[in-house]
Number of protein chains: 2
Amino acid sequence: MSSQLSPSFAAARRSFIEAGGQTTQSFGLGRIIGQTFALLYLSPKPVCLDEIVAELGVSKASVSTAVRQLSDWAAVKRVWVKGDRKDYYEAETEFTEIIRNGLLEIVRKKINTAGIQLAKVEASLQDAHDGARSPTRDEAALLAARLARAKKFHQKLNGLLGNPLLEHLL
Amino acid sequence: MSSQLSPSFAAARRSFIEAGGQTTQSFGLGRIIGQTFALLYLSPKPVCLDEIVAELGVSKASVSTAVRQLSDWAAVKRVWVKGDRKDYYEAETEFTEIIRNGLLEIVRKKINTAGIQLAKVEASLQDAHDGARSPTRDEAALLAARLARAKKFHQKLNGLLGNPLLEHLL
DNA sequence: ATCTGCGTTCAGTGCGGACTGAATACATCT
DNA sequence: AGATGTATTCAGTCCGCACTGAACGCAGAT
């Protein structure tokens, strides 16, 4: 692909792709996701799966799943090239959109499951309160109070993540 | 510790601690960090290392490092009990502070290292531009343009994370 | 219908990082 | 000073998860 490009230009390109991989990996998303996006982000024309596989030197399976992840977040979009049976992909260049659909969505999910667990704790605390003997009361009261604070904070976080003002700041 | 508490109360407590572990683990911070904080958060009095070790059933080393992590973020604070050589810990109950000092700080670091890598790419692109022959120019121009956009977004993120308005929303 | 060239799936592998246990360092008491 | 009870450190182990390779499914072409 980059046969006639100057060596140092190719180096800069690879460096950028590597940086993409490092970044996504540091966020626990895996290396190939970032590398794939970076590659597409730098490409002037749509790129097919096998080209990505060739340039990154990884398995087709990895790129396939990475590309799906990325298109789930609308970080890349499929492009059909007429007369070609391959799938081609190009990057969404608007980072703000990607954060909105990708990262923030992930965080929302995690916050949400945390909230579900809080609700379960609340339920089992109800049971505990019913059959409580005297020495339990103080402990139970503290747990209830702390649990309430946790729930309140959880709601505040939810509000923040849904706040249009946050997305406006991006 | 909870010998005279009702079974279902103890269950609620363990459930909360477990939820804490799940949450921190889902954010890639490890399970014990969240469990330790949750335990301290529910405790009416300061707790020493060995009590945490006993209740969580994990190694002393794990709890030791977890506790240090947590106090780095000011999520827990050391408390001295006079006449006792052990270290005691209690939780910071103000979640907002923890997010500020912990999670946001982590994200800032990651964003920062990403920025450093971008700078490196920019530098090697400078070299490439110097020795460029004609067919390279277009590709180089695109890379430069996209790199500029990436840098701009990086700065925007930095600004957002440093924005007092964000912390005010918490 | 068969063949050909794609993308996807899934059981298995390898690796990175959390966790452990023993050795170490440290503090306080006698 | 030594002794004792504590926290910390560090090499090693274990485990989850990203990644792989082969088998599969599914198109369109002939």
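Analyst: Ala, Val, Leu, Ile, Met, Phe, Trp, Tyr, Cys and Pro count as nonpolar, Asp, Glu, Lys and Arg as charged, and the others, Gly among them, as polar. A residue is near a strand if one of its heavy atoms lies within 4 Å of it. This is a predicted model, in which local features need pLDDT of at least 70, side-chain atom pairs count only at pLDDT 80 or more, and totals for chains, interfaces and linings use all residues. Residues are numbered from 1 along each chain, chains are lettered from A in the order in which they are written, and side-chain values use heavy atoms, without hydrogens and water.

User: How do the residues of the surface near DNA strand C divide by class?

Analyst: That surface has eight charged, five nonpolar and three polar residues. Among the 16 residues around DNA strand C, those that come nearest are A:Ser64, A:Arg68, B:Ser59, B:Ala61 and B:Ser62.

User: Which element supplies the largest share of the surface near DNA strand C?

Analyst: Helices are DSSP runs (H or I, at least four residues), numbered from the N terminus. Here α4(A) supplies the largest share, four residues.

User: Which polar side-chain atom lies 3.0 Å from a phosphate oxygen of DNA strand C?

Analyst: A polar contact is a pair of N or O atoms within 3.5 Å. The side-chain atom belongs to B:Ser59. Backbone N or O atoms also take part: that of B:Arg31 lies 3.2 Å from a phosphate oxygen of DNA strand C, and that of A:Asp87 lies 3.4 Å from one.

Terms used
A polar contact is a pair of N or O atoms within 3.5 Å; within protein, one must be able to donate a hydrogen and the other to accept it, and residues adjacent in sequence count only if both atoms are side-chain atoms. Helices (H or I, at least four residues) and strands (E, at least two) are DSSP runs, numbered from the N terminus.
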